[in-house]
Amino acid sequence: MNVVIKPFSDRYFSVSFPGTFNKEMLNAVRNTPGRIWNNEQKLWLIPDNKTSQAALLENLYATGQFNYIEEHASQCTEAAVPRNTADDSADQEIQKLAEALQARHYSPHTVQTYSAWVKSFLKTKSKELINSGQKQINAFLTSLAVKDHVSPSTQNQAMAALLFYFRNIRHEDPDNLKDVIHAKHKKHVPAVLTKEQVAAVISNLSGGKRLAAQLMYGTGMRLNEVLSLRVLDIDFDRSEITVRSGKGGKDRRVMLPQTLIPALKEHIKEVKSLHDKDLAAGWGAVQLPESTRQSSDTAKEFRWQWLFPQKNRWVNGTTGQQGRHHMDESLLQKAVKTAVREAGIIKDATCHTFRHSFATHLLESGTDIRSVQELLGHSDIRTTMIYTHVLNKKEIGITSPLDTL
């Protein structure tokens, strides 16, 4: 298994997989803070800073599958030095952290992300950490903003990881963060499509990708929430969909668009046929949620199968075990990007734009903002308020004074 790391620009380096690669390798890149997919050149772009470099290499080493990494800078070489006692000590701390997160039912993605941040933090610190944890946290978070130029959300993610580590593993409460220089928050008005543009984009999609896009716009679900749906989450009797372990680990229910019922039922029949073939071949088990009774029989039940299964079964090269995960996010992202271009739309529209359009169109039609907040799964009404800035003023009865002259 090969991974090639090369310079890309002043701020990023690229990561590519010559030949074949598996999901473990792909997740190693996806779990690196700040990574971006360059669809034109088919490359992953990683921020060129020590934090991201260390996180990427640690994630790659953790897979135990790569053969060679082409270094792009001296920093990467430094990050790949032989293990020592300090490394072993850090690994022990990370293991404790992972166990504490899992015991509190944090998602696997959160466990990986928090572990990466704490590992980066521990590797940049010395024995001073023992006596001055508070000072080191402030310095680390400030460095992310000042030297690495991370976004506010990335800095907040790192802060959350460190606070969890100190409070639950080291049993300290570093609450004095007033000296931290926070990353500058830039307010961006989300891109929103008109109803006609939404219809045009969806018309350029087909099969499961079209149905997934319709669900994103018809329910306001996020991309990963749609792709993580299982057959049992669709309740035709109550006309609702259950979103499990959404952002923040919260479950919620959204409406089931009535126009999608026939297409969904037909799609589920196709999923059932695919599952029957997997069972006949001796496979058919899927990964179950942490809170579910874990057994081989339960994992093979049709109700737990992904609503949008991947086309081909994955194969474990060591054990020979086979199974299916859900459709990869990048496949739907690429399809939507192509559909937007074919529709002649010049807006910077992505899968998430369907969610923005869902919320905006509901508000324009008179739906109260509290209901929209609940459907979107926002904890704070201020997050939902951003959509009031992109409302079509004509739709809500506001006319420009120029039009009255």
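Predicted model: local features only at pLDDT ≥ 70, side-chain atom pairs only at ≥ 80, totals over all residues.
User: How are H5 and H7 oriented to each other?

Analyst: Helices are DSSP runs of H or I with at least four residues, numbered from the N terminus. The axes of H5 (residues 108-123) and H7 (residues 152-168) come within 9 Å and cross at roughly 80°; axes are lines fitted to C-alpha atoms over the stretch in contact, and angles run from 0 to 180 degrees between N-to-C directions. Angles under 35 degrees count as roughly parallel, over 145 as roughly antiparallel, 65 to 115 as roughly perpendicular and the rest as oblique. H5 and H7 are therefore roughly perpendicular.

User: How many residues of the contact of H5 with H7 are nonpolar?

Analyst: Contact means heavy atoms within 4.5 Å, and the contact includes Trp117 and Phe121 of H5 and Ala161 and Phe164 of H7. Ala, Val, Leu, Ile, Met, Phe, Trp, Tyr, Cys and Pro count as nonpolar, Asp, Glu, Lys and Arg as charged, and the others, Gly among them, as polar. The contact of H5 with H7 has no charged residues, three polar and, as nonpolar, 12.

User: Is the crossing of H9 and H11 left-handed or right-handed?

Analyst: H9 (residues 207-219) and H11 (residues 261-280) pack at about 135°, with axes 11 Å apart, and are therefore oblique. A crossing is left-handed if the near helix is turned anticlockwise from the far one by less than a right angle, and right-handed if clockwise. The crossing of H9 and H11 is left-handed.

User: Which residues of H14 meet H8?

Analyst: H8 (residues 195-203) and H14 (residues 351-364) pack at about 145°, their axes 11 Å apart, in a left-handed crossing. Lys195, Val198, Val201 and Ile202 in H8 meet, in H14, Phe354, Ser357 and His361.

User: Which helix gives the most to the lining of the largest cavity?

Analyst: A cavity is a set of points on a 1 Å grid over the protein atoms alone where a 1.4 Å probe fits but cannot get out, and lining residues have an atom within 4 Å of a point. The largest cavity holds about 100 Å³ of space, a volume being the space filled by probe spheres set on the points, which are joined across faces, edges and corners. Its lining has 14 residues, with His275, Asp278, Val286, Gln305 and Arg324 nearest the centre. The greatest contribution, four residues, comes from H11.

User: Which residues does glycine 377 touch, not counting residues up to four places away in sequence?

Analyst: Glycine 377 lies in the loop between H15 (369-376) and H16 (381-384). Its C-alpha is 8.9 Å from that of methionine 221, although the two are 156 residues apart in sequence. Beyond four places in sequence, glycine 377 touches Lys250 and Arg252.

Technical notes. Residues numbered from 1 in each chain as written. Heavy atoms only, no water. Helix = DSSP H or I, 4+ residues; strand = E, 2+ residues; numbered from the N terminus. 1 Å grid on protein atoms, 1.4 Å probe; cavity = no way out; pocket = protein on both sides within 12 Å on 5 of 7 lines; lining within 4 Å.
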